[in-house]
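The exercises below ask you to read a structure step by step, each with a worked solution. Please keep the sequence and the model in view as you go.

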Amino acid sequence: MTNKLKKADIIFSEYSVAPYQILKETIKKSEDDVIQELLDSGLKGRGGAGFPTGLKWKFGAAEKGDVKYIICNADEGEPGTFKDRKLLMEVPRKVISGMAICAWATGGTQGYIYLRSEYKYLIPDLKKELEIFKKCSNEMGLDFPIEIFIGAGAYICGEETALIESMEGKRGEPRNKPPYPIQDGLHGKPTIVNNVETFASASMVCRYGAKEYQRFGTSDQRGSKLFSISGDSPKEGVYELELGMSIASFVKEFGDGDTKAVQVGGVAGFCIPRKDFEKAIVGEGNTSGASTMVFNSTRSMYRVLHNYLEFFEEESCGQCTPCRIGTQQLLKGLEAVKHGKKPAEYLDQLVKLSETMQITSKCGLGQSVTNSFTTIVDNFREEMIY
Ligand SMILES: Cc1cc2nc3c(=O)[nH]c(=O)nc-3n(C[C@H](O)[C@H](O)[C@H](O)COP(=O)(O)O)c2cc1C
Ligand code: SF4
């Protein structure tokens, strides 16, 4: 880990040559070389799970079939995350280039941008950009149509298999895995789903090369990443930062001088108290989600946790019992302790329940509730009790 916070300028770098120049230059190479470059770069998915992008593309390329889908996950439903919107507004060409490079390298035949329904206002500009892309890619001899699909308006539809279900016109509920979308995705065809930022970063790896990209970050966490910063920060917004920094250096730059906790990786991530600020903001157990919420000493951590649990209870798709009932019971239990109807020790049972949910829930939503629940209850216990 490097203790320093360094602003990076890769994704938002000025790169104003002819439209789709990165794509044009990339397809002069061999598909295998480009996938190898991505593997070497160490780029990991920016949608939260952190799966190596080169590996996903390699698996995708190995799948047989005359139809393959490439989906850009722009559902962006994690509370406190707003970086994909900025990418689509400011550098859509880099995102679309990444999708097209992925299609070219893996044999993708049709692309979709699964757009969060609240981002409908982006459609006119995105459509204009897709027209430019169509013209340029046709001139390059590529046939890769990209359409926009309006999201179904639920947090769970950002989970890749629920997203696919919703695109097939069904209720947005996660599928059992395996099979993974790469083998059996949209309409039963091989499907690569990547986050908006992942595609933009992939096109930058192709532009600068793996070696240059590796100069940023640490051996475990390569490159730069966008952070959506909100809460008690005088500098709320989206920042591109080099990976590997400690939370302490982040707080020094973005806190208000009175930071008592930082929520890293959104509500599905961890709430880090001041005593642990020396940890890395991504890695060392912390997830790679973008949402970074800063809380100062005026904040009630009970209210913060209550708010998260209301969100989880509301957004649980209800398909599996541990998550459907667990989210309700955690909320009820927390309220009972706060109002003196249950003893403080009841919190320990609730922590156990959240840990059971992690093991028994079907998807990342139910599995991740324990992250914020245990870190808030363990570190701010006195704020939870009557
Ligand atoms: C409840 C839930 C919500 C998710 N929401 C998003 C989302 O809004 N955007 C996203 O890219 N990934 C989201 N994911 C992760 C996706 O399932 C998937 O891992 C990701 O799109 C893969 O892209 P990546 O490899 O580029 O990260 C979510 C996962 C879960 C469990
Ligand atoms: S964990 Fe929650 S969101 Fe995921 S399938 Fe089960 S009920 Fe649905």
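**Exercise 1.** In this predicted model, how do the residues of the shell around ligand 1 divide into nonpolar, polar and charged?

Solution. Begin with the membership of the shell: 23 residues surround ligand 1, and the closest are Gly 45, Gly 47, Gly 158, Asn 195 and Gly 364. The elements that contribute two or more residues are β4 (191-195) and α14 (364-379), with β4 supplying the largest share, three residues. Sorting the shell by class then gives seven nonpolar, 10 polar and six charged residues.

**Exercise 2.** Which domains give at least three residues each to the shell around ligand 1, and how many residues of domain 1 are in contact with domain 2?

Solution. The shell takes at least three residues from domain 1 (21-214) and at least three from domain 2 (301-384). The centres of these domains, taken over C-alpha atoms, are separated by 33 Å, while nine residues of domain 1 are in contact with eight of domain 2. On the domain 1 side, the touching residues comprise six nonpolar, one polar and two charged.

**Exercise 3.** Is helix α8 largely enclosed or largely open?

Solution. Next count burial, taking a residue as buried if 20 or more other C-beta atoms lie within 10 Å of its own: 11 of the 13 residues of α8 are buried, so the helix is largely enclosed by the rest of the structure. Among them are Val 196, Phe 199, Met 204 and Cys 206. Finally, just after α8, Gly 209 adopts a positive phi of about 90°.

Notes. Residues are numbered from 1 along each chain as its sequence is written. Chains are lettered from A and ligands numbered from 1 in the order in which they are written. This is a predicted model: local features need pLDDT of at least 70, side-chain atom pairs count only at pLDDT 80 or more; totals for chains, interfaces and linings use all residues. A residue is near a molecule or strand if its C-beta atom, placed from the backbone, lies within 6 Å of it. Helices (H or I, at least four residues) and strands (E, at least two) are DSSP runs, numbered from the N terminus. Ala, Val, Leu, Ile, Met, Phe, Trp, Tyr, Cys and Pro count as nonpolar, Asp, Glu, Lys and Arg as charged, and the others, Gly among them, as polar. Domain bounds come from an automatic or database domain assignment. A residue is buried if 20 or more other C-beta atoms lie within 10 Å of its own, exposed if 12 or fewer, and partly exposed in between; C-beta atoms are placed from the backbone. Two residues are in contact if their C-beta atoms, placed from the backbone, lie within 7 Å.
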